[in-house]
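Please have the structure open as you read.

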Amino acid sequence: MNSELIISMLVAMIAGAWLFIAGMYIYKRYDENRYKKRLAIEKLLREIEVRNTLNQKIIEILNRPIIGDDEAIVNPQSDVKVPFYDYNFLKNYTSMYNLYIPAYFLSTFFKNLSQHLAVFEDEQDLKNGGYIFKEARPIFENFSVQITEDIEAKKKELEKAKNIYPSMLKRQHYNI
């Protein structure tokens with residue numbers, strides 16, 4: 001073997017190794033970016049789902065009819081009666097999914113809500129079956145509107161993210 005052949009084989013091996021390393025680097029970056037975008041899309045879907053569930057519960061509370069005994073205490077046009085289980089659901093659900101709902105969003109709502117709490121004796125609260133918030137219907141309605149607007153904003157963000165890898169979304173069977 002002559003030296004020119006050995007040198008050309010070494011150069012070819014080095015070039016092949018360099019191309020292999022460059023190809024692996026490019027594939028790794030592509031795969032990592034695809035994974036990050038998939039996580040971002042899943043997070044957006046989870047945020048929309050959590051906000052939608054919260055909004056459904058708020059609407060359910062607002063649409064709950066006033067029973068005959070409560071008509072003396074609760075004015076259906078301005079007051080809201082929240083049963084204990086619904087209030088606990090709101091508190092627990094928002095604390096459990098606080099990663100998907102902004103903290104200022106919830107703290108403002110509960111702070112405004114606490115200023116309208118009607119204070120009764122414990123026996124009266126148990127008899128009422130829940131908390132009564134005087135003139136708090138606009139707070140619930142505005143919160144529901146804010147959640148709906150936020151859901152629409154998240155859907156627009158999702159639409160932008162969805163256009164990046166539409167085949168990936170179809171493969172994972174997201175119904176968007």
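Asn55 lies in helix H1 (residues 3–63), helices here being DSSP runs of H or I with at least four residues, numbered from the N terminus. The model is predicted, so local features need pLDDT of at least 70 and side-chain atom pairs count only at pLDDT 80 or more, while totals for chains, interfaces and linings use all residues. Residues are numbered from 1 along each chain as its sequence is written, and side-chain values use heavy atoms, leaving out hydrogens and water.

With a relative accessibility of 7%, Asn55 counts as buried (buried is under 20% relative accessible area, exposed over 50%, partly exposed in between, with a 1.4 Å probe and protein chains only). Beyond its neighbours within four places in sequence, Asn55 is in contact with Ser144, Ile147 and Thr148, where contact means heavy atoms within 4.5 Å. Other buried residues of H1 include Leu54 and Ile58.

| Helix | Residues | End-to-end C-alpha distance | Expected span |
|---|---|---|---|
| H1 | 61 residues | 89 Å | 90 Å |

In H3, the buried residues are Phe105, Leu106, Phe109, Phe110 and Leu113. They lie on the same side of H3 because their arc around the axis is only 110°, taken from the directions from the helix axis to the C-beta atoms. Ala103, Tyr104 and Lys111 are exposed on the other side of H3.

Conventions
Helices (H or I, at least four residues) and strands (E, at least two) are DSSP runs, numbered from the N terminus. The expected span of a helix is 1.5 Å times one less than its number of residues.
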